[in-house]
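Please look at the sequence and the structure first.

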Amino acid sequence: MKRFLPFLCCLLFLAGCTAPSADAEPAQVQFFSMDTVMSIRVYNEGGEDAIQAARQEVERLDKLLSRTNPDSQISLLNSHAGDGTLISLDAEVADLLSFAKSVSQLLPGCFDITIAPVMDAWGFTKEERHVPSAEALADAMSLVNSEALIVDEASSSARLEQAGMEVDLGAVAKGFAAGRADAVLREYGVTSALLDLGGNVTAIGSKLDGSAWQVAVKDPQNTSEALCVLSLEDQTASTSGGYERYFEENGQTYHHIIDPKTGYPADSGLLSVTVISSDHMLADALSTTLFVAGPEEALDFWRSRDDFELVLCTEDNRVIVTEGLEAGYRPAGEDRGYTYEIARR
Ligand code: AMP
Ligand code: MG
């Protein structure tokens with residue numbers, strides 16, 4: 001246990017607690033945006049301005065992308081669903097919508113940003129969580145179809161073809177914001193920083209001594225503990241897990257990651273998925289997608305690509321780590337009953 005203590009401190013540190021770092025004291029800020037607590041820490045000297053600029057960038061994107069902000073571009077798009085109006089968007093919003101549509105095609109039936117009406121039916125949007133009636137769920141499901149989200153990147157515009165459809169970017173917005181905040185920090189000359197945008201931990205550069213960041217992946221069954229610790233440099237580790245938002249009804253637990261094939265919380269045998277990639281937005285989108293897909297499909301998909309690595313935690317207490325992480329990862333939950341295995345190509 002003792003040898004993991006520094007890493008557990010790191011976990012607490014990233015989770016936003018005020019545990020002191022063993023390294024130099026960073027300039028740091030903690031704030032609430034995109035419906036979650038975020039933190040930015042810069043270890044280069046004089047990082048305060050960079051931090052403020054990165055925070056403003058995240059807050060700007062929240063205003064642009066939030067479907068609960070009536071003035072956002074996404075709300076404008078949603079409010080015109082079915083009336084034929086092509087909505088002019090900022091190029092970055094059109095690109096993000098287009099990217100999200102492309103993810104739906106990677107593993108059909110797992111990822112769909114038009115899932116919003118189903119999130120509403122389960123009461124996740126207004127924090128009135130409940131199991132929907134079969135009728136309400138069927139109505140909501142009839143509106144889920146990202147093929148009816150038409151995006152024209154050339155003219156930066158989009159429309160939703162069916163009345164009642166809505167876009168919800170909850171599965172990708174934080175990864176997108178991580179990419180933008182990363183770029184802003186680098187413009188300020190930052191080479192050593194950590195961002196924690198609610199389940200998306202981005203390591204910028206390395207520690208000041210040149211060694212890799214040590215980032216803990218939470219144990220989904222005990223989130224104050226680590227499942228494993230990863231070495232990261234210029235990468236995001238994005239985790240999706242049913243433990244992040246859920247409620248209980250009649251002894252059953254229902255979480256917020258919906259299987260677009262059923263309209264019910266995904267039940268694929270996974271407790272959490274962590275995607276590690278130098279593409280921050282991809283990491284976020286894939287963590288949600290692969291959580292729905294399940295362990296076998298997730299590993300098959302990983303074998304077909306070379307731009308990300310995975311940590312999968314299964315319901316039967318297996319932790320599957322893909323081979324690209326092998327050199328830099330440490331298991332941390334053997335005493336809690338997890339068995340660790342390396343997945344090979
Ligand atoms: P994440 O925490 O990145 O896995 O994103 C979860 C959020 O994405 C949820 O709170 C919903 O807003 C949205 N969401 C839920 N299920 C899906 C899905 N199958 N495809 C796309 N977005 C989803
Ligand atoms: Mg995601």
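Which polar backbone atom lies 2.8 Å from a nitrogen atom of ligand 1? That atom belongs to Ile258. The structure is a predicted model, in which local features need pLDDT of at least 70 and side-chain atom pairs pLDDT 80 or more, while totals for chains, interfaces and linings use all residues. Residues are numbered from 1 along each chain as written, chains are lettered from A and ligands numbered from 1 in written order, and side-chain values use heavy atoms, without hydrogens and water.

| Residue | Residue atom | Ligand 1 atom | Distance |
|---|---|---|---|
| Ser240 | polar side-chain atom | oxygen | 2.6 Å |
| His256 | side-chain N or O | oxygen | 3.0 Å |
| Ile258 | polar backbone atom | nitrogen | 2.8 Å |

Taken alone, ligand 1 exposes 500 Å² (Shrake-Rupley method, 1.4 Å probe), and the protein buries 96% of that area. Around ligand 1 there are 17 residues (a heavy atom within 4 Å), and the closest are Asp112, Asp168, Ser240, Ile258 and Thr288. The shell consists of eight nonpolar, four polar and five charged residues; Gly counts as polar, and Asp, Glu, Lys and Arg as charged.

Because Asp284 and Thr288 are four residues apart in helix 8 (residues 280–293), about one helical turn separates them. Helices are DSSP runs of H or I with at least four residues, and strands are runs of E with at least two.

The second largest pocket is lined by 18 residues, with Gly242, Thr253, His255, Ala266 and Glu315 nearest its centre. Strand 12 (252–255) and strand 13 (270–277) each give two or more residues to this lining.

Note on methods: A polar contact is a pair of N or O atoms within 3.5 Å; within protein, one must be able to donate a hydrogen and the other to accept it, and residues adjacent in sequence count only if both atoms are side-chain atoms. On a 1 Å grid over the protein atoms alone, a cavity is a set of points where a 1.4 Å probe fits but cannot get out, and a pocket is an open set with protein on both sides within 12 Å along at least five of seven lines; lining residues have an atom within 4 Å of a point.
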